[in-house]
Amino acid sequence: MDRLRLYSYWRSSAAYRVRIGLNLKGLVYETVPVHLVRDGGEQHSDAFRETNPQQLVPVLEHGQRMLRQSVAILEYLDEMWPQPSLLPATARDRERVRALAHLIACDVHPLNNLRVLQFFERDWNVPQAERDVWVRHWIDEGFAAFEALLLNHPSTGDFCDGDTPTLADCCLIPQVYNARRFGMTLEQYPNIARVEAACLAHPAFDAARPEMQPDAPKS
Ligand SMILES: N[C@@H](CCC(=O)N[C@@H](CS)C(=O)NCC(=O)O)C(=O)O
């Protein structure tokens, strides 16, 4: 099989999504660390810019091919290695899972990305406390909607959709990690908290945790 290499940063939630997907598929991959902060950020180096002109992780190298955008990568993994599937059996349920995944990946995460926070800090001198309020605000808004979509929905199971992990869980769990980093709790979101507990008990999610990555600082 062609080699899989993941350009990743231990704390990147978009890379975390792909790590979960790779682990769920039981795929062996090599981690290529890209330090997003050191020396102004290795994602901005000439070498990495060739790998991804967007200067973002993750990038998944599969053989000769470079794959970009975490959700597109997860869908690629699902097409290449269909079992276990990251999407449910019916079109209706697949749409629901994709909608939950996009809620996080398109509408919450981009507002709170490193480059956005750095722009606030460097270009507008926004103090740390206000930047943190911004981050928490958008996560709260997204999680309130996510919680409402889980609540009492017949497709919600142990995981976001049914009783096996899907694309939605791959996106939700890294965002919960980010929320906790910014001092948030899940008290207002009991369904998200329940799904988080189910995911974190799963070995594929456990091995994908930031602290488990080769580039995580040794404590
Ligand atoms: N939509 C992209 C987002 C990727 C992304 O924003 N990655 C962040 C880390 S989570 C990054 O590389 N940030 C670097 C920066 O902001 O300079 C994806 O899902 O892959």
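This note goes through the ligand site and the salt bridges of a predicted model.

1. Ground rules. Residues are numbered from 1 along each chain as its sequence is written, and side-chain values use heavy atoms, without hydrogens or water. In this predicted model, local features need pLDDT of at least 70 and side-chain atom pairs count only at pLDDT 80 or more, while totals for chains, interfaces and linings use all residues.

2. The shell. The ligand is surrounded by 16 residues (a heavy atom within 4 Å of it). Q43, V57, Q69, S70 and N113 are the closest. By type, the shell holds six nonpolar, eight polar and two charged residues. Here Asp, Glu, Lys and Arg count as charged; Ala, Val, Leu, Ile, Met, Phe, Trp, Tyr, Cys and Pro count as nonpolar; the others, Gly among them, are polar.

3. Polar contacts (N or O pairs within 3.5 Å). A polar backbone atom of V57 is 2.7 Å from a ligand nitrogen. A polar side-chain atom of Q69 is also 2.7 Å from a ligand nitrogen. N113 uses a polar side-chain atom, 2.6 Å from a ligand oxygen.

4. Helices at the site. Helix 1 (13–24) and helix 5 (114–124) each give two or more residues to the shell. Helix 1 gives the largest share, three residues. Helices are DSSP runs (H or I, at least four residues), numbered from the N terminus.

5. Salt bridges. The count is 11 (a Lys or Arg side-chain nitrogen within 4 Å of an Asp or Glu carboxyl oxygen). One of them joins R98 and E75, at 2.9 Å from N to O. R98 lies in helix 4 (residues 91–108) and E75 in helix 3 (residues 70–80), so the pair ties together parts 23 residues apart in sequence.

Methods:
Polar contact = N/O pair within 3.5 Å; in protein donor to acceptor, adjacent residues only side chain to side chain.
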